[in-house]
Amino acid sequence: MNTMSTTHHEPRTLSVAGITFVADLAGALFWAEERLLVVSDLHLEKGSSFAARRVLLPPYDTAATLAKLCAVIVRHDPRTVIALGDSFHDRDAHRRLPAADRATLGELQARRDWIWIAGNHDPNLPRDIGGTVADEMRIGPLAFRHEPTGAEGEIAGHLHPKARISRRGRSVERRCFASDGTRAVMPSFGAYTGGLSIRDEAFRTIFRTSAFMAHLLGDRQVHRIAAARCS
């Protein structure tokens, strides 16, 4: 489908409460004026969490997620990184971090401010993982938190939005940003994370209408499509 296979590489933007962000193809937001990078729902060590329950997944999700995060950080060189909760898949995930992944995380945090927002999977983040732990963060007109409430100026995660579009008998489903320009819900960043359709009632509750946009993460760029056109 041509919509998802364009060869253009120009950066796409997304505005929330008058603040313009670069919508990075990896699923991050970058506020250039503040040199602020936002990611959500890394779910580090999800693979080892499933393994403990005898659900075997390849144990490479943390390394893959951190590699993708490293690439985004190299691309934008942020002064501050905000991770919007569920950065770790469960309360003990930080203890299971392999030494190499812990070292990588330390390197990513070096020389920049790093803010961990507590999520429902990791409500009691330890103090030994570097950075600062907070329930939410407010900067200017924006509030960064894990679970969306629908408030104006809110940038949240938690719901892992995804959207499906169909054209000429072909269907494509991708992670996406969901936003109406006043608030936004970010896609999950983690390698093993799933998603919730933006047509789910949870998004109507947040946006109070279906008149919001899905910013789909395509192969080569972010595609802005009305949520009402998604299936």
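Analyst: Accessible areas come from the Shrake-Rupley method with a 1.4 Å probe. In this predicted model, the protein exposes about 10,700 Å², and carbon and sulfur atoms supply 49% of that area.

User: What percentage of the residues count as buried?

Analyst: A residue is called buried when its relative accessible area is under 20%, and exposed when it is over 50%. By that criterion, 50% of the 231 residues of the protein are buried.

User: How many helices and strands does the protein have, and why can it be called as compact as a globular protein of its length?

Analyst: The protein contains five helices and 16 strands. Its radius of gyration is 17 Å, close to the 17 Å that the globule rule gives for 231 residues, so the protein is as compact as a globular protein of that length. The C-alpha trace spans about 45 × 45 × 35 Å along the principal axes. Among contacts with a separation of 6 or more, 66% join residues 24 or more positions apart.

User: Which residues of helix H4 are buried?

Analyst: In H4, residues 99-109, the buried residues are Asp101, Leu105, Leu108 and Gln109. Viewed down the helix axis, they fall within an arc of 95°, so they line one face of H4. Ala99, Ala100 and Glu107 are exposed on the other side.

User: Against which elements do the buried residues of H4 pack, and which residue with a positive phi follows the helix?

Analyst: The buried residues of H4 pack against helix H2 (61-76) and strand S6 (113-117). After H4 comes Arg111, with a positive phi near 65°.

Technical notes:
Residues numbered from 1 in each chain as written. Predicted model: local features only at pLDDT ≥ 70, side-chain atom pairs only at ≥ 80, totals over all residues. Heavy atoms only, no water. Helix = DSSP H or I, 4+ residues; strand = E, 2+ residues; numbered from the N terminus. Rg over C-alpha atoms; globule rule 2.2 N^0.38 Å. Buried < 20%, exposed > 50% of the residue type's maximum accessible area, 1.4 Å probe, protein only. Contact = heavy atoms within 4.5 Å. Arc of directions from axis to C-beta.
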